[in-house]
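Trainee: Hi, I'm new to this one. Could you walk me through it?
Mentor: Happy to, let's bring it up and go through it together.

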Amino acid sequence: MSENITDSLGAIYFITLGCAKNEVDTDRMRSLLLSAGYEEAYDVEDADVAIVNTCSFLASATEESVEATLALAEEAATGVRNLKIVMCGCVPSRYGEDLPSELPEVAAFVRTDEEDGIVAVVDRVLGCERVEAPLVPQVKRTVESAVAYVKISDGCDRFCSFCAIPYIRGRYHSRPWEEIKAEVCDLVAAGVREIVLIGQDTGIWGEDFDESVSGPGNLAQLLVAVAHAVRPERVWLRVLYLQPEGMTDELIAAIRDTPEVLPYIDIPIQHCSARVLKAMNRSGSEDELDALFQRLRREIPGMIIRTTYLVAFPGETYEEHEQMLAFMDRTGFDYTSVFAFSPEEGTRAEKMDGQIDDVEKLERTQAAMDLAESLGFAATAAHVGERAEVIVDGIEETDEGVELIGHAWFQAPDSDGAVHLDATEATVGDIVEVEFTDSFCYELVGHVVE
Ligand code: SF4
């Protein structure tokens, strides 16, 4: 057991890989373990157990997760005292059966749907015998910044042909309103100023509820209900990961008419060609997507739109690639994530005809990234001269001294760039009015208006 931390059952060091959804899962495990008598170690040297919460969205993410685990195992073998490694999350969910023989360095594997049992796993790994079962607490989130992600659902029923998530995270299930409300209210009471609602497919939140469930029944109603729950505090609400079919009239109205809800939408369309979308097991066409984005921009002027292009899907012709580039250009997305197709084990697209060779894939990906950057940089520069509210996120050291960093309502945290502020007086969590004076890449420079 840890020598530095004397009153706890042991010290746990957490490593999270992958997306914000994993950060939320790690935070839940942290809360369960701390409530059960464990302590957090901030240095692996002080830890008795290292929890690696893994990502397996792409083969490269799986590799990164395994490498991080092996690096820890090597550290443990060459110095860190008797460190036990517990691998959690997407890699065990996806490859569970094969892992014990392939990774003997790992003491336990915990799938995503087993993470609420993390205390029993760590107890077992450390040989801790409890006289009484640990109290299962009302899980409290850790508040480390002015922004917090809140999961409203998990799993996915769409089975896009390139994606392993439904096999890793299971079928779609919405989180109950009362749980979401309690978590949001706790976070806001602890000083959080922006709540980012996430899930694999947020637009269909509530569709799996039966008639006996009371309270909000769809995403539009959820946004309005969350906004009411946080008042009178001044809080921004952002929702990420909507699919085009989720953009109902009711949702557009809720975004437009609810002051707390930011006019920012993240719709990963992946492609605009109807043929490619069908091969991806998705729906829609260029005309439908055109109509959707035009409607959004018409009904919510100034709306910020983020999307995703999955480049070089099997069978994507050069003309279809150019069709997507032209669509991106015409729509003028503010932010576009570009991913090269990767044949994920166990997905239908892995074995599809028409796999695109690496050289061609790289060229198409580079062209898409170049366009995404030029659109994004121009969209960022267009804010120069404007005034907008900015949440102060933290302080950074620069060559000239320290600098306050924040993000404007049109920048999703951790994704879209930041605002570099000329003030030093504001404190983290403040919402300040800023005039933007310059931009570089996705970053803005601004001064706080008195
Ligand atoms: S919507 Fe498609 S890409 Fe997104 S998680 Fe579900 S299956 Fe994967």
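**Getting to know the model**

Mentor: Let's start with Gln-270, which counts as buried at 10% relative accessibility. Keep in mind as we go that this is a predicted model.

Trainee: OK, where does Gln-270 lie?

Mentor: Gln-270 sits in the loop between strand S11 (264–266) and helix H10 (274–279). Its phi is near 75 degrees, a positive value in a residue other than glycine.

Trainee: Which other residue has a positive phi, near 65 degrees?

Mentor: That would be Tyr-241, also a residue other than glycine. Tyr-241 is found in the loop between S10 and helix H9 (249–257).

Trainee: New topic: how many salt bridges does a search of the whole structure find?

Mentor: The search turns up 31 salt bridges. One of them pairs the side chains of Glu-344 and Arg-94, at 3.0 Å from N to O.

Trainee: What about Arg-111 and Asp-113?

Mentor: Their side chains meet in a salt bridge too, at 3.1 Å from N to O. Arg-111 is partly exposed, with a relative accessible area of 36%. Asp-113 is exposed, at 58%, because exposed means over 50%.

Trainee: Which residue forms a salt bridge with Arg-193?

Mentor: Glu-233 does, with the closest N and O atoms 3.5 Å apart. This pair links distant parts of the chain, 40 residues apart: Arg-193 is in the loop between helix H7 (177–189) and strand S9 (194–198), and Glu-233 is in the loop between helix H8 (219–230) and strand S10 (236–239). Arg-193 counts as buried at 16% relative accessibility, whereas Glu-233 counts as partly exposed at 39%.

Trainee: Which residues do salt bridges with shared partners join into one network?

Mentor: Asp-25, Lys-151, Asp-154 and Arg-169.

Trainee: Where is Pro-232 found?

Mentor: Pro-232 is in the loop between H8 and S10. The peptide bond from Arg-231 to Pro-232 is cis, with omega near 10 degrees.

Trainee: Last one: which residues are around the ligand?

Mentor: Among them are Cys-156, Arg-158, Phe-159, Gln-243 and Arg-282. By class, the shell has seven nonpolar, one polar and two charged residues.

Definitions and conventions
Residues numbered from 1 in each chain as written. Predicted model: local features only at pLDDT ≥ 70, side-chain atom pairs only at ≥ 80, totals over all residues. Heavy atoms only, no water. Salt bridge = Lys/Arg side-chain N within 4 Å of Asp/Glu carboxyl O. Buried < 20%, exposed > 50% of the residue type's maximum accessible area, 1.4 Å probe, protein only. Helix = DSSP H or I, 4+ residues; strand = E, 2+ residues; numbered from the N terminus. Near = heavy atom within 4 Å. Nonpolar A, V, L, I, M, F, W, Y, C, P; charged D, E, K, R; others polar.
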